[in-house]
Amino acid sequence: MTTDTQTTAEIDGFHLVIEALKLNGIDTIYGLPGIPITDLTRMAQAEGMRMISFRHEQNAGNAAAIAGFLTQKPGICLTVSAPGFLNGLNALTNATTNCFPMILISGSSEREIVDLQQGDYEEMDQLAIAKPLCKAAYRVLHAEDIGVGVARAIRAAVSGRPGGVYLDLPAKLFAQSMDAEAGRKSLIKVIDPAPRQIPAPDAVQRALELLKNAKRPLIILGKGAAYAQADADIRALVEKTGIPYLPMSMAKGLLPDTHPQSAAAARSYVLPEADVVMVIGARLNWLLSHGKGRTWGGKSPKAWGGQKFVQIDISPQEADSNVRIDAPVVGDIGSCVAAMLHGINAAGGNWPKPSGDWLGAIDQRKSTNIAKMGETLAKNPSPMNYHSALNVMRDVIKGNPDVMLVNEGANALDFTRSIVDMYKPRKRIDVGTWGVMGIGMGFAVAAAVVSGGPVIAVEGDSAFGFSGMEVETICRYNLPVCVVVFNNNGVYKGTDVNPTGGPDVAPTVFVKGARYDKMMEAFGGVGVHATTPAELRAAVEEAVRSRKPTLINAVIDETAGTESGRITSLNPSAKKK
Ligand code: FYN
Ligand code: ADP
């Protein structure tokens, strides 16, 4: 459909923005209409873009961010000024922290009034506020600069280490008009937005030498490796070297979790014991105990110490951020892994396999942990607990490996990560680097929009609350999303009591016996109240089959779970208990 402005000799700012995005292959906007961008949302739809409207900008922002991760194109989030912008900013910052490419486009109030602080409608210096919280931030004041503004935002989001970009578009810009031909000529189709970065041959050689001489090598795959979409080469690198690997949470499925070289079930053994660790697209941050040891769940295994590290990363500044990196390999993961493979192939059959002792010790740990897990999963307690419920989810994902799995919570996150095996790359998306709650429904919407296939969101009842209103969005767009709320009546558990005996419940406790399923029914979706694994199984399988928006209120024993899940060590009060 073509609108009036386009057929005349003039083109306005609204249409230049839309055309600039479309020219760069961007076909979807996640956002929320309002002043001054309501017409932009209407016109984008009229011009054939998919406009997914949310109920809160943070969820739209999370959707855009994960769409960026899944597609390697910047996800676009569109918001109104000041408060809407701030709501979206949370997701933009989270995207930047997670290295997801995203562009937050916000309308803003009149510069002249904002800069003199004269009290405009939704007055705020948005550009200044966004700048320290994202990878790059730009403002466009003139219609003829829209092409450059969008091009710069795209390049900044996807080149090098991906991240979040803020694009500030003042209200006046949209109404500006210019000669249509000149306007279209001013738009830029970005050539090679994320140029390959080929690693230096000597850096590759240094890394190969270190690996070759390792006695107890280990590979850690992070979400950067998943983002890179170099799946076949990564698998070949792991298999040709025979090195055991550990997937970070969103790298699960890069190789199937059932792969014999997966050391996931021996995590706390392999991390301190390895002598050379090759980290591919993961940072040695808190999730890897800063490369130093100390771990989780109240355990205190020996510090790592003495390991040598190879780190493959696109950011030259990442190496040495926590511990010495003996062989940094800087470049895009596709090129780096290809170069490493080339070196390994060149060694022909002479590439040494890791020692039998090392592999045997890992296998032993794995078998013990897997057997222990098997026993726990086989139990069928009443009421249902995390394990008996997740045993069902594990089977469903095994039977439907293309389903996208969204996961957030504390125990609901930790148990799902270790119990539910993933079989394909980029099928598991979760709380990421910050361990942030609230990504659930935004991620679920985008996963359904991007993949076109079924999505299951395993949600703690607390985590679900942060984005729960988007079940209306799921119903409105009729998305094949099945939300499973693990309902144990509270944050961590539902058993805390107010020590004063006063009328208020404890801060961690919710309404007991809440029926989250009714929320989905309110908007025309399917709601199911499941109290047994059999009921849960039937409901999830039906949701995946029917593709109807579904919310299953899975009632979990309110005494199940531990405070802070597996990261008790970060919670002073849990440590004290
Ligand atoms: C893993 N494990 C298994 C399996 N997979 N056992 C049997 N079978 C299978 N398939 C074992 C694994 O060896 C560990 O046991 C244990 O299960 C847990 O595995 P996990 O989850 O990989 O390991 P761990 O130590 O919890 O990982 C640390 C972590 C993780 C920091 C990477 O906890 C994490 O990602 N946390 C994020 C938490 C978060 O963001 N929370 C949100 C905020 S919650 P052992 O080897 O015996 O240790 C707000 O309160
Ligand atoms: P995880 O949370 O899974 O451990 P992180 O988010 O900590 O992963 O790390 C991802 C790393 O991957 C970042 O250091 C980032 O620079 C890097 N990265 C992202 N994309 C690429 C890419 N295409 N090539 C190389 N490195 C990448």
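A word on the ground rules. This is a predicted model, where local features need pLDDT of at least 70 and side-chain atom pairs count only at pLDDT 80 or more, while totals for chains, interfaces and linings use all residues. Residues are numbered from 1 along each chain as its sequence is written, chains are lettered from A and ligands numbered from 1 in the order in which they are written, and side-chain values use heavy atoms, leaving out hydrogens and water.

Is Arg 426 buried or exposed? Arg 426 is buried, at a relative accessible area of 13%; buried means under 20%, exposed over 50%, and partly exposed in between, using a 1.4 Å probe and protein chains only. What does its side chain meet? One partner is the side chain of Asp 231, in a polar contact of 2.7 Å. A polar contact is a pair of N or O atoms within 3.5 Å; within protein, one must be able to donate a hydrogen and the other to accept it, and residues adjacent in sequence count only if both atoms are side-chain atoms. A polar atom of the Arg 426 side chain also lies 2.7 Å from the backbone oxygen of Ala 226.

Which residues come nearest to ligand 2? Of the 19 around it, they are Arg 161, Lys 223, Arg 283, Asp 313 and Ile 333, where being near takes a heavy atom within 4 Å. An oxygen atom of ligand 2 is 2.8 Å from a side-chain N or O atom of Arg 283, and a nitrogen atom of ligand 2 is 2.9 Å from a backbone N or O atom of Ile 333. The protein covers 96% of the 580 Å² of accessible area that ligand 2 has on its own, by the Shrake-Rupley method with a 1.4 Å probe.

Finally, where does ligand 2 lie? Domain 1 (10-185) and domain 2 (201-363) both give residues to its shell, so ligand 2 lies between them. Those bounds come from an automatic or database domain assignment, which also gives domain 3 (379-575).
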